[in-house]
Amino acid sequence: MNRFLFVLGSNWQLSLAELDNFLKNSQIKGRITDYSANIAIVEFETLHKNKYYINDLMEVQYLLGGCQKIAEIYDFVDIQTMFKAFPLKVEKFKLIETERNKINGVMRDSLPKIFTNIKNESIFFAVSIYPNLYDDAYYSEVLVKHFLPFLNKEIMALVIELGAKKSLYYQYPEENIKSGNLNPIFPHHIIKYGLFNKDRAEIIFGLTEEGFYIARTLTCDDPNFKKKIDEERPFKEFKSAISPKLALIMLNFLNLFEEREKKKILDPFVGNGTILLFALIEEFQIYGSDIDDIKVKNTIRNLNWLLNELDEPIPFLLNEQIRQTDITKLSSIFGSEKFDGIASEPELGPFYNQKPYYTETKELIDSKLVPIFEATFREAYKVLKPKARISIVAPIISTVDGGDLTLNVEELAKKYNFNHILLLDLNRIANKSNQKLQFQRKNVNTMIDAKKGQIVKRKIYVFEKEN
Ligand SMILES: C[S@@+](CC[C@H](N)C(=O)[O-])C[C@H]1O[C@@H](n2cnc3c(N)ncnc32)[C@H](O)[C@@H]1O
């Protein structure tokens with residue numbers, strides 16, 4: 001059985017949920033058989049049988065918002081062997097040597113699969129280690145300081161033993177290794193160092209509670225492309241806009257994986273159009289609206305800019321597709337049962353530089369945000385096709401004196417006949433013993449996307465219209 005290792009995005013819970021939803025509902029069926037806070041191990045039903053499966057994986061990589069790299073797994077070493085070979089506290093030197101030799105043996109078998117042609121070649125490799133959790137002492141004290149130097153030295157020697165002319169490895173900055181504070185190779189480095197070439201490779205050692213997987217990276221995210229769309233478009237509000245990754249993840253939760261060019265997507269709170277720009281590169285037919293005429297114009301100009309960058313013709317009806325309207329009149333503008341999905345971030349309140357007070361926040365939620373969200377579900381029910389989905393962001397606002405405040409989105413959605421879709425199917429995921437890695441029912445109703453210290457956090461929900 002071929003297995004693949006997916007390196008998850010920084011919001012690993014959301015990335016894992018996106019991946020599982022994709023493997024369950026797209027035509028590329030599969031299962032996540034193991035995971036950590038950095039990687040997911042995937043077994044496909046049939047994808048690997050296709051001769052050109054690398055092309056399919058490149059498409060999967062392009063589609064997913066929360067995937068940094070996809071690698072093919074060649075071997076696995078169980079966690080007991082790993083802990084004996086690289087203990088946190090060294091007690092029995094003899095045992096260490098025996099266990100390290102076992103790891104060496106596994107690598108000797110894997111290397112000819114990673115480099116199909118070693119004899120007389122000059123081989124260059126970069127080792128990336130993904131721990132179970134970055135804040136584990138085992139990562140900084142053992143994996144970075146001992147396992148990484150061991151791997152570099154041993155792989156270099158094995159490559160020569162297997163007949164290479166030369167063997168070199170990527171050297172991480174010495175100060176990072178000493179301090180135990182290290183990031184694996186970034187996707188842009190993989191491209192810069194040509195690690196997809198035959199005589200070069202990124203070799204991933206991905207740890208979970210079960211052991212470590214040895215894999216070779218086959219494809220990675222192209223951060224420059226998404227960054228360009230996000231940062232170089234004519235109109236953007238840097239402080240408050242939704243991230244490209246989150247926009248893609250929300251689109252993927254709509255479960256529209258086939259014939260995207262025929263699917264109509266709506267964002268009724270376009271702002272500067274982030275979600276629609278990413279829906280456009282994912283080939284959807286895009287529609288949008290906003291109460292603010294300036295935002296409507298900004299979105300149209302951003303879309304024209306992107307179409308021009310992509311060398312694609314401007315759709316004849318683009319001005320008809322992006323309209324000025326209050327959410328309460330959405331169905332009178334677009335008609336009924338027109339859309340295959342809605343992905344949107346409604347009004348989240350003002351951009352705060354400092355935490356607001358409880359009373360003003362409560363007043364904002366009750367008098368402004370609840371009516372907007374209520375109108376959104378009422379109108380969404382009219383404009384969506386039966387069984388179509390809505391991916392929606394709601395705010396959690398941290399206050400000075402009353403903790404975090406939010407609105408009851410589930411209740412509003414239910415009132416207008418939307419069923420709540422859990423973001424992750426707990427029956428499909430084997431649970432973990434470390435609490436930080438566990439999923440419980442309450443963490444799959446909605447997931448939070450936020451940076452540390454952010455005052456307004458985003459909560460992501462998915463609902464499905466009843467028949
Ligand atoms: C959080 S922003 C959306 C930002 C967008 N996701 C982006 O990345 O640029 C919310 C948008 O909702 C619009 N809005 C606020 N109240 C509205 C209403 N009653 N009807 C329609 N749009 C509204 C605002 O003009 C604003 O552009």
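Two strands pair if DSSP finds at least two bridges between them. Helices (H or I, at least four residues) and strands (E, at least two) are themselves DSSP runs, numbered from the N terminus. Welcome to a predicted model, in which local features need pLDDT of at least 70 and side-chain atom pairs count only at pLDDT 80 or more, while totals for chains, interfaces and linings use all residues. Residues are numbered from 1 along each chain as its sequence is written.

**View A. Strand β4 and its partners, β1 and β8**.
Let us start with strand β4, which covers residues 67–78. Strand β1 (residues 4–8) runs antiparallel to β4, and 5 bridges join the two. To find this pairing in the model, look for V7, whose bridge partner in β4 is K69. Strand β8 (residues 211–220) also pairs with β4 in the antiparallel sense, here over 9 bridges. In β4, 9 of the 12 residues are buried, so the strand is largely enclosed by the rest of the structure. Here, a residue is buried if 20 or more other C-beta atoms lie within 10 Å of its own, exposed if 12 or fewer, and partly exposed in between, with C-beta atoms placed from the backbone. In a regular strand the side chains alternate between the two faces of the sheet.

**View B. Helix α9, residues 244–252**.
How many of the residues of helix α9 are buried? The count is 9 of the 9, so α9 is largely enclosed by the rest of the structure. Among these buried residues are P244, K245 and N252, and L246, A247 and L248 are buried too.

**View C. N255, in the loop between α9 and β9**.
N255 has a positive phi of about 60°, although it is not a glycine. Because N255 has 21 C-beta neighbours inside 10 Å, it counts as buried.

**View D. N417, in the loop between α15 and β15**.
This loop joins α15 (409–415) and β15 (418–421). N417 is not a glycine, yet its phi is positive, at about 65°. With 14 C-beta neighbours inside 10 Å, N417 counts as partly exposed.

**View E. E309 in helix α11**.
Helix α11 spans residues 293–309 and includes E309. Is E309 buried or partly exposed? E309 has 13 C-beta neighbours inside 10 Å, so it counts as partly exposed. From C-alpha to C-alpha, E309 and N445 are 38 Å apart in space, and they are 136 residues apart in sequence.
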